[in-house]
Amino acid sequence: MVDLGVQPDTFNMLSGLFRAGKGEDALKLFSKMQLRDNHEMSLDSNTYNVMIDGLCKQGQLQKANDLFLEMQDHGCIPDVVTYNTMISGFCKGGQLEKANDLFLKMEEKGRAPDVVTYSALISGFCKEGQMEKANDLFLKMEEKGRAPDVVTYSALISGFCKEGQMEKANDLFLEMEEKGCTPNVVTYSAMINGFCEEGQLEKANDLFLEMEEKGCTPNVVTYSAMINGFCEEGQLEKANDLFLEMEEKGCTPDVVTYSAMISGFCNGGQLEKANDLFLKMAEKGCIPDVVTYSA
């Protein structure tokens with residue numbers, strides 16, 4: 001903390017306030033710091049970064065952006081971390097155009113985007129279904145010598161899966177393994193869900209078994225995708241076995257999991273089992289949604 005240009009206790013205090021959900025208190029402390037004409041309390045990029053990061057995580061993008069502009073007015077140059085925080089914040093806040101504009105401005109200012117920058121924007125494009133832009137950016141980062149990591153690959157793979165472009169998703173999945181980038185639970189879950197949605201249950205199940213063999217533990221998203229896949233194909237016994245397995249392994253079913261199983265039992269004419277599961281769901285404190293009730 002010696003080189004941050006701000007007293008360590010104050011820096012930690014700002015971070016701690018945001019972690020405690022006390023963003024307004026952090027803003028008040030920051031305002032006091034701005035008023036103090038004390039060299040030890042001078043504001044540098046690290047101080048602004050902790051403020052901008054905290055505000056972005058709380059969804060206060062306008063205040064974060066105001067600070068981003070203010071720091072530049074005060075002669076404090078944003079670094080890669082600052083740009084990444086703002087770009088990620090805009091993407092998560094659904095302000096993709098602003099995120100892309102900032103990405104271009106970052107390059108204009110001579111700040112080279114890193115893998116975090118590219119991954120955030122690629123993820124943003126994917127979530128909006130803009131797969132061509134996402135893929136173009138992916139190719140650009142490789143051209144610039146930035147190696148995609150598991151976050152980058154997972155975002156792009158998930159995007160292709162959601163668009164039903166399983167061939168492209170699978171090609172990327174194989175590519176990342178060839179390049180030594182190990183898929184994680186997010187990657188596997190996206191692929192498994194994609195295959196299930198396309199009715200390719202055998203491929204989904206093979207991948208599910210593969211991830212367990214490789215030591216990647218399925219999570220509730222993975223289990224829910226497989227259970228829904230089995231239910232859609234009328235393989236209720238396999239779906240139920242998987243439902244029981246996830247509970248045995250300490251993975252708590254969520255509303256999506258319960259809804260899939262209940263829907264499966266209903267469609268299979270096993271109404272008593274569907275009702276028992278509905279009651280169990282309530283006992284576990286899992287609140288039914290519109291999908292559950294319409295099952």
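The questions and answers below concern repeats, helix pairs and domains.

Reader: Which residues does UniProt list for "repeat: PPR"?
Author: The model discussed here is predicted. The listing comes from an unreviewed UniProt entry.

Reader: How many Å apart are the end C-alpha atoms of residues 114-148?
Author: Residues 114-148 are 74% helix and 0% strand. Residues 44-78 are likewise 74% helix and 0% strand, with end C-alpha atoms 9 Å apart. For residues 114-148, the separation of the end C-alpha atoms is 10 Å.

Reader: Are helix 7 and helix 8 roughly parallel or roughly antiparallel to each other?
Author: Two packed helices are described by the angle and the distance between their axes. The axes of helix 7 (residues 115-127) and helix 8 (residues 131-143) come within 8 Å and cross at roughly 165°, and the crossing is left-handed. Angles over 145 degrees count as roughly antiparallel. Helix 7 and helix 8 are therefore roughly antiparallel.

Reader: How many residues in the contact of helix 7 with helix 8 are charged?
Author: From helix 7, Val115, Tyr118, Leu121, Ile122, Phe125 and Cys126 take part. They meet Met131, Lys133, Ala134, Leu137, Phe138, Lys140 and Met141 of helix 8. By class, this contact has eleven nonpolar residues and no polar ones, and the number of charged residues is two.

Reader: Is the crossing of helix 9 and helix 10 left-handed or right-handed?
Author: Helix 9 (residues 150-162) and helix 10 (residues 166-178) have axes that come within 8 Å and cross at roughly 165°. That angle makes helix 9 roughly antiparallel to helix 10. The crossing of helix 9 and helix 10 is left-handed.

Reader: How many residues in the contact of helix 9 with helix 10 are nonpolar?
Author: Helix 9 contributes Val150, Tyr153, Leu156, Ile157, Phe160 and Cys161. Helix 10 contributes Met166, Lys168, Ala169, Leu172, Phe173, Glu175 and Met176. Divided by class, the residues of this contact include no polar and two charged, while the nonpolar residues number eleven.

Reader: How many Å apart do the C-alpha centres of domain 1 and domain 2 lie?
Author: The domain assignment gives domain 1 as 116-217 and domain 2 as 222-294. Their contact takes 13 residues from domain 1 and twelve residues from domain 2. The C-alpha centres of domain 1 and domain 2 are separated by 27 Å.

Definitions and conventions. Residues numbered from 1 in each chain as written. Predicted model: local features only at pLDDT ≥ 70, side-chain atom pairs only at ≥ 80, totals over all residues. Heavy atoms only, no water. Axes fitted to C-alpha atoms, helices over the stretch in contact; angles between N-to-C directions. Helix = DSSP H or I, 4+ residues; strand = E, 2+ residues; numbered from the N terminus. Parallel < 35°, antiparallel > 145°, perpendicular 65-115°, else oblique. Left-handed = near helix turned anticlockwise from the far one by under 90°. Contact = heavy atoms within 4.5 Å. Nonpolar A, V, L, I, M, F, W, Y, C, P; charged D, E, K, R; others polar. UniProt positions renumbered as here; feature names shortened; annotations may be inferred. Domains from an automatic or database assignment.
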